[in-house]
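Hello,

Here is the structure I promised to pass on. My notes follow below it.

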Amino acid sequence: MLRISSLALVSLSVSACKQLGTNTDTSGARNVQGGAPIVADARIGTPNPPGAEGEWTMPARDYASSRYSTLAQITSANAKNLKAAWTFSTGVLRGHEGQPLVVNNTMYLVTPFPNVAYAIDLTQPGYPLKWKYRPENSQAAVGTACCDVVNRGAAYADGRLVYNLLDGHTVAVDAGSGKQLWRVQMADLNRGETITMAPIIVKNRVIVGSSGGEMGVRGWIAALDLATGKELWRGYNTGSDADVKIGPRFKPFYATERGKDLGLTSWPGDAWKIGGGAVWGWLSYDPTLNLIYHGTSNPGPWNQDQRPGDNKWTCAILARDADTGELVWAFQVTPHDLWDYDAVNENILVDLPVKGQSRHALVHFDRNGFAYTLDRATGEVLLAQPFVPMNWAKYVNLETGRPQIDTSKATKQGKLVKNICPSLEGGKNQQPAAFSPQTGLFYVPTNNLCMDFQSRPVTYIAGTPYIGANAPETGGPGNYKGEFIAWDASNGRKVWGIREPFPVWGGALATAGNVVFYGTLDGWFKAANARTGEVLWQFRVGSGIVGNPITYLGPDGRQYVAVYSGIGGDMGLLIAGDVAANLPFDVRERGTTLPDLARYTSWGGMLFVFAL
Amino acid sequence: MRAMHCLSLAAIFASNGCARNGDAAEAREPGIVRRQQQATPPVFIQHPDNIQPGVALHGGFAQLTNPFEGDRSRITEGSALFVSYNCMDCHGADGSGAMGPSLADGRWHFGGTAGEVFQSIYEGRPEGMPAWGGRIPDDQIWRLVAYVQSLGAGKDVSTENFTGKTISKMGH
């Protein structure tokens with residue numbers, strides 16, 4: 001995920017990049033004003049989430065990761081009347097990825113490092129705090145995290161709020177009092193491990209995973225007991241079958257995923273010990289199959305010549321038994337990754353028709369630019385189509401699940417490979433998509449960036465980056481660097497898109513009022529018609545948006561929409577470091593990827609709440 | 001692969017051409033490589049929290065002068081070490097800032113004299129800067145100091161002017 005800036009950026013030829021997947025807006029869809037779904041018979045694939053209809057108790061609202069709310073007071077007819085209702089400063093600058101939770105008329109926020117948690121009383125005028133919790137958190141974590149000191153949020157269950165600290169601890173606090181219940185060290189800073197992801201809670205188990213794919217970590221995912229913090233299982237994503245938790249239940253769909261100890265044998269020597277495969281993205285859970293779905297990060301180092309082989313199980317989607325961590329299936333999205341295409345993006349569990357047959361599907365918009373519709377019971381690829389401009393692969397072979405690579409875009413040590421699309425930020429990154437059963441569409445915040453890539457030898461030194469490549473980025477084809485799109489995962493096609501001047505680095509929210517919401521790096525929070533993509537309303541918040549909107553029902557019975565404002569993450573720290581206006585000791589010059597961004601935004605850290 | 005790494009490091013150490021006492025022996029077995037062979041690595045990136053920005057130096061670092069100050073060939077060697085020890089992947093190409101702060105802005109969080117920069121590298125700093133003292137030879141640290149000090153020399157980054165061409169209207 002890390003990007004190294006370089007002053008010597010070679011301007012990329014726009015015309016040289018094939019515009020796969022950039023269909024123009026489907027005018028037919030624009031004429032639909034409510035009523036029938038655009039993709040029929042598509043449903044959220046898991047039961048309703050715990051909590052009331054107006055609550056938001058887990059990062060993506062439900063185990064399916066739909067980010068869909070049935071609240072419908074705000075509609076495509078009245079969204080133009082939205083107004084800012086109240087705001088709250090988190091007291092922290094840096095990238096505010098993630099989202100608040102709302103439970104029992106209380107809103108819970110978690111800030112970027114130092115990872116302060118706030119509980120806001122929604123029943124009182126002025127929204128006073130019930131409590132704030134300031135955890136012990138090692139300052140050394142700040143320089144160990146690759147891509148800003150972000151945190152992607154908390155999960156709530158059984159009166160407990162659980163989240164991860166950047167320095168590698170997982171904490172649980174009493175949701176009523178803010179008192180710390182337990183604090184457990186899960187990751188080791190001295191080996192370059194941090195934690196930025198949001199946990200999910202499944203049957204009194206807290207599921208967490210590591211960050212550090214740029215630091216030569218060995219990625220893992222683990223389950224902790226909600227009551228005590230005791231570790232129940234931990235599965236590594238490289239190494240022996242025993243460590244990866246591959247046993248008799250492991251039945252991957254494709255032949256290339258079968259074989260003994262592939263997590264060892266698909267690496268040279270001991271390279272698997274420092275081979276990445278972190279779990280810094282989003283988690284999903286299917287209660288019927290009792291499977292947890294997670295992606296894994298890039299292999300380390302980026303210099304591919306130091307790790308010949310498939311590098312399993314990096315850049316993969318893994319399905320694990322929630323009780324034991326056993327791997328049930330695996331699908332390596334980008335085998336032997338050459339471009340830093342982590343597969344950690346969210347996996348949205350939806351039942352939908354594919355080729356006339358209803359499937360229990362998992363929909364995944366990968367960094368590599370393909371949108372995958374998989375069978376979530378088996379890992380079979382049902383569909384894979386480009387959802388952004390891309391050129392590194394021609395197509396995904398559905399017989400093998402593997403991409404057909406354009407060899408002219410294959411990176412190699414010492415060779416400067418130009419104009420690879422998407423860039424290492426991916427067609428989509430951490431910004432999560434949403435799904436609406438009303439329309440049957442997925443709402444996907446995307447990037448349109450390309451890169452040059454040159455790798456070089458790198459030595460592993462614990463606690464320092466293990467990368468070995470430079471990859472300057474620039475805008476992709478067309479005069480836009482991001483697009484908020486609606487996607488039909490039954491047919492693998494874009495239905496409409498809203499082009500943005502900057503990558504859309506904030507997540508999506510879909511609501512039953514036929515309204516979808518998203519925010520932009522230049523600080524616009526927008527509501528759009530879910531069927532047509534018409535922008536209905538927008539509001540200029542204080543700092544660029546890299547967080548994910550939520551919606552909830554207030555104690556007054558009104559529907560609210562909340563989102564963090566606070567640019568950062570890869571985009572506000574690495575790509576456009578000059579947006580940081582508050583650091584007298586770290587003044588960065590304008591980058592070449594997003595040279596205008598600092599004109600429109602500076603660092604911030606605010607919650608914005610909107611209502612009719 | 002491990003062997004290859006050792007070789008590449010050894011080549012760097014050998015190429016520095018330094019003949020000071022102890023350096024040759026150090027070059028054959030650099031601290032980093034030794035460290036990888038230990039079962040329990042010593043603390044590398046943790047740093048005493050009592051060292052804060054703006055606090056007076058201790059231990060006599062401030063009095064140190066760089067034997068290689070302004071020496072172009074040593075600065076070039078320092079730029080190679082900056083890549084080899086993964087400094088670049090933290091601080092960015094040309095020290096322009098990435099995970100770690102910019103070293104090319106002429107601004108210094110912990111002081112910009114030769115002795116202060118040496119101390120930052122030698123002892124590490126609280127927000128994740130590793131302590132390299134005793135892991136790489138002092139004369140290599142001085143080459144890094146010379147390189148790092150050359151990056152921001154004479155720069156004025158105070159003003160960023162946004163007038164003129166901006167993004168064209170997008171959308172929709």
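**Sheet, salt bridges and a helix**

In chain A, strand β14 (residues 220-225) pairs with β15 in the antiparallel sense, over five bridges. Please keep in mind that this is a predicted model. Within that pairing, A:Ala223 stands opposite A:Trp233 of β15.

Both strands belong to an open sheet of four, in the order β12-β13-β14-β15, with antiparallel pairing. β12 (200-202) and β15 (231-236) stand at the edges with a single partner each, so one side of each has no neighbour in the sheet. Neighbouring strands are turned by 25 degrees against each other on average, direction ignored.

Next, the salt bridges. The count over all chains is 37. One of them joins A:Asp321 and A:Arg249, with the closest N and O atoms 2.7 Å apart. A:Asp321 lies in β18 and A:Arg249 in the loop between α2 and α3, so the pair ties together parts 72 residues apart in sequence. A:Asp321 is buried at 7% relative accessibility, while A:Arg249 is partly exposed at 35%.

A network of salt bridges links A:Glu257, A:Asp310, A:Lys312 and A:Arg402. In it, A:Lys312 meets A:Glu257 at 2.6 Å and A:Asp310 at 3.3 Å, N to O. A:Lys312 is buried, at 1%. A:Glu257 is buried too, at 2%, and so is A:Asp310, at 17%.

Last, chain B. Eight of the 10 residues of helix α6 (residues 114-123) are buried, so the helix is largely enclosed by the rest of the structure. Its buried residues pack against α7 (138-151) of chain B. B:Gly124 follows α6, with a positive phi near 80 degrees.

Best wishes

Technical notes. Residues numbered from 1 in each chain as written. Chains lettered and ligands numbered in written order. Predicted model: local features only at pLDDT ≥ 70, side-chain atom pairs only at ≥ 80, totals over all residues. Heavy atoms only, no water. Buried < 20%, exposed > 50% of the residue type's maximum accessible area, 1.4 Å probe, protein only. Helix = DSSP H or I, 4+ residues; strand = E, 2+ residues; numbered from the N terminus. Contact = heavy atoms within 4.5 Å. Pairing = 2+ DSSP bridges. Axes fitted to C-alpha atoms, helices over the stretch in contact; angles between N-to-C directions. Salt bridge = Lys/Arg side-chain N within 4 Å of Asp/Glu carboxyl O.
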